[in-house]
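Biologist: I would like to learn how to read a structure like this one. Could we go through it one feature at a time?

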Amino acid sequence: MSIVRVALDLPLLRLFDYLAPGASASDIGYRVSVPFGRSLRMGVIVDWIATSEQPVDKLKPVTAILRDIPPLPTDWLALCEFCARYYQAPLGEVMAFALPPMLRRGKHPRPQKAKKDLNAVSAKHESKPASTVCLPSLLAAQQAAVEQIVSTTAFQTFLLHGVTGSGKTEVYLRAIEATLAQGRQALMLVPEIALTPQLESRVRARLPHAHLVVANSSVADAARARGFLDALTGNAEIVLGTRLAIFTPLPRLRLIIVDEEHDASFKQQDGVRYSARDLAIWRAHQQNCPIVLGSATPSLESFHHALAGRYHMLTLPLRAVAEAPPIVRTIDTRREKLQEGLSVALINALEQRLGRGEQSLVFLNRRGYAPVLACPACGWISRCQHCAANLVVHLADKHLRCHHCGFETAIPHACPDCGNVDLQPFGRGTQRLESALIERFPQARILRVDRDSANSAKKWQALLASIHAGEVDILIGTQMLAKGHDFPKLTLVGAVGADAALFAADFRAPERLFAQLMQVGGRSGRADLPGEVLIQTEYPTHPLYQALIDHDYSRFAQSQLEERKTAGFPPFTFQAMLRAESRSMGESVAFLAQARDFALAFADSYITLYEPVPMRLHRLMALERAQLLVESDNRPALQHFLAQWQTALYTLKRPRTLRWHVDVDPLEF
Ligand SMILES: Nc1ncnc2c1ncn2[C@@H]1O[C@H](COP(=O)(O)OP(=O)(O)OP(=O)(O)O)[C@@H](O)[C@H]1O
Ligand SMILES: [Zn+2]
């Protein structure tokens, strides 16, 4: 018998066998079209076998094996298998996600007309570097980092800890260049789509002849499929993309770079809940090649591994161009009546920059005008009908909007409960800050950059261009602006509203706040002008702010690690979350309780199962959500437990509308 085993995109943990007369082991990795129920489905052949556990007369024949593109290579299948196993997802779902949409549907892109010479495989990176580009001579620390990376021929995880503006990107470029010179491929991951264009142009400027593929969800269907195939066939030399790029097949992969490795965007929060950074490390191990995790504020997980000697730490302690890092100060707002959220000290500093023709950035990580609209007469507040969240006031287009489900409604003229016409916006978002600054500095050119003002790639590029052209005096931005950008005329960063994150319930909140402030502060004083960072706070002596003032990531990180150790949080324990959502909280909790009882029967002493509880955002899009935390200080034990549990969970009785999923190494609580 010639039988193929197929992974189908179904929420089932099993594979499916089909008859495939004439098939052979060399068909493993081809996409295949098969009958399923009353329709046809696309899948991937993951095995070729002689006998099935199913009776042969029950097996249906495949409809067609699609050999129009080369088979997906074994190491790619192995990556998907690992991802499925580790993150407790069906293999077919992982593969469907890992393939570009066009290939997943069984189509393939039309071959592109040969582009004139652009990617000509001939005249590229021969011995001398691209002649027209003038290479900066590396600082000693950069040089040392590059040498260590390029001289490493086997698997090794490097943690490139470099302060903002220390020239990490320069190190990546050199390492990529060396990789390409050996005729190998490099993969570079960035946390956000918004960061790909500028990096792409830097790579292209440095390696103009290299065949570069960009992989992210905003790339058009055909181009994405073509990029995937270019990588698969070995034509592409550099793949640059967001987390999904980790699934690009690369037969000659020799170097992986994960920029801003601490960024939570590397973890997918729905569907297949994988961490691209962690998969990248697995992939580097699989390929026996070096991987570089870069950050000014490494994740505590990575830093912990580096301290323990599992990762090799490379440090860039100095900025590459500016003399000194920006001076960081706190502004004590305890005794001050703020003017629309702004302290006198910050206003003066902004004024000074205006006078000198320099740029400033006011950082507030909350978009909209105000987080809630309230009625002072009766206590009504704007709540989302579908979520356990407030509707945010968006004055720019006169709407109340839920930032969780997107529900929106016009701002009411009067209180829906008592008719009072004097409704008050409470708190402050970027739009409100913008109005306040326009009022205070009428002569200044003020630009707000957040997901509302930059809601398309085009708008975002236009905003960036006008900042670079020096057409802006004061920028107002969320964390969108905090990452990766180089604005030479920016000399002042003011942070407002940061305190909120100091006492958040999430144990990762301080880590995120520190990273955000460090990163946004790092936007200032990157060229020859000195930078200053002012943090408005009611807790000026808080150790987190003190560590920022001293530019001491390491002190902050070590004290956080101490706290995590005492509290038994990651990276000292490993976690997984079982979540359920349904039309009633009772149902969701009951399902989890049942799952817990079930688990108690086989969970060994390594496993701690907590009680099911409502999630913090306990209602989202009219679904009531609960979760159950599982913890262990032994990762293999946790993995073993989850695999058993997962199988059992599929058999549990549940209301038809209830959905559940497992999230391994969750970042959201
Ligand atoms: N050795 C060098 N000599 C001169 N200029 C350099 C050198 N290395 C980097 N630069 C320049 O310094 C600036 C910052 O470098 P780069 O963007 O690589 O830093 P980074 O660490 O990646 O920054 P961040 O993480 O803060 O975005 C860039 O303008 C870059 O061209
Ligand atoms: Zn909502």
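Modeller: We will take the domains, then the sheets and helices, then the ligand. Keep in mind that this is a predicted model.

Biologist: Into which domains is the chain divided?

Modeller: There are four entries to note: domain 1 (3-71), domain 2 (140-316), domain 3 (327-367 + 429-560) and domain 4 (574-664). Domain 3 is written as two stretches, 327-367 and 429-560. For a sense of spacing, the C-alpha centres of domain 3 and domain 4 are 39 Å apart.

Biologist: In what order do the strands of the 7-stranded open sheet lie?

Modeller: The order is β8-β9-β7-β10-β11-β6-β12, and the pairing is parallel. At the edges are β8 (212-215) and β12 (312-316), each of which pairs on one side only. From one strand to the next, the twist averages 20 degrees.

Biologist: Which strands pair with β7, and over how many bridges?

Modeller: Strand β10 (residues 253-259) is joined to β7 by 5 bridges, and the two run parallel. Strand β9 (residues 238-241) also pairs with β7 in the parallel sense, over 4 bridges. You can follow this residue by residue. M188 has I257 as its bridge partner in β10 and L240 as its bridge partner in β9. For L187, the bridge partner in β9 is V239.

Biologist: Why is strand β7 described as largely enclosed?

Modeller: Look at burial. A residue counts as buried if 20 or more other C-beta atoms lie within 10 Å of its own. In β7 (residues 185-189), 5 of the 5 residues are buried, so the strand is largely enclosed by the rest of the structure.

Biologist: Which residues of β7 are on each side?

Modeller: Start with the general idea. In a regular strand, side chains alternate between the two faces of the sheet. Here Q185, L187 and L189 are on one side, with A186 and M188 on the other. Both faces of β7 are covered, as all of these residues are buried.

Biologist: Which strands do helices α4 and α5 lie across?

Modeller: Helix α4 (residues 140-150) lies across β6 (156-162), β11 (290-295) and β12. Its direction makes an angle of about 155 degrees with β12. Helix α5 lies across β6, β7, β9, β10, β11 and β12, and runs at about 170 degrees to β10.

Biologist: How is the sheet of 3 strands arranged?

Modeller: This open sheet has the order β16-β17-β18, with antiparallel pairing. Its edge strands are β16 (392-394) and β18 (408-410), each pairing on one side only. The twist averages 30 degrees from one strand to the next. Between β17 (residues 399-401) and β18 there are 3 bridges, and R401 of the sheet stands opposite E408 in β18.

Biologist: How many residues surround ligand 1, and which are the closest?

Modeller: The shell has 18 residues, and the closest are P136, T164, G167, K168 and T169. By class, 6 are nonpolar, 9 polar and 3 charged. Helix α5 (residues 168-181) gives the most to this shell, with 3 residues.

Terms used
Residues are numbered from 1 along each chain as its sequence is written. Chains are lettered from A and ligands numbered from 1 in the order in which they are written. This is a predicted model: local features need pLDDT of at least 70, side-chain atom pairs count only at pLDDT 80 or more; totals for chains, interfaces and linings use all residues. A residue is near a molecule or strand if its C-beta atom, placed from the backbone, lies within 6 Å of it. Ala, Val, Leu, Ile, Met, Phe, Trp, Tyr, Cys and Pro count as nonpolar, Asp, Glu, Lys and Arg as charged, and the others, Gly among them, as polar. A residue is buried if 20 or more other C-beta atoms lie within 10 Å of its own, exposed if 12 or fewer, and partly exposed in between; C-beta atoms are placed from the backbone. Two strands pair if DSSP finds at least two bridges between them. Axes are lines fitted to C-alpha atoms, for helices over the stretch in contact, and angles run from 0 to 180 degrees between N-to-C directions. Two residues are in contact if their C-beta atoms, placed from the backbone, lie within 7 Å. Domain bounds come from an automatic or database domain assignment.
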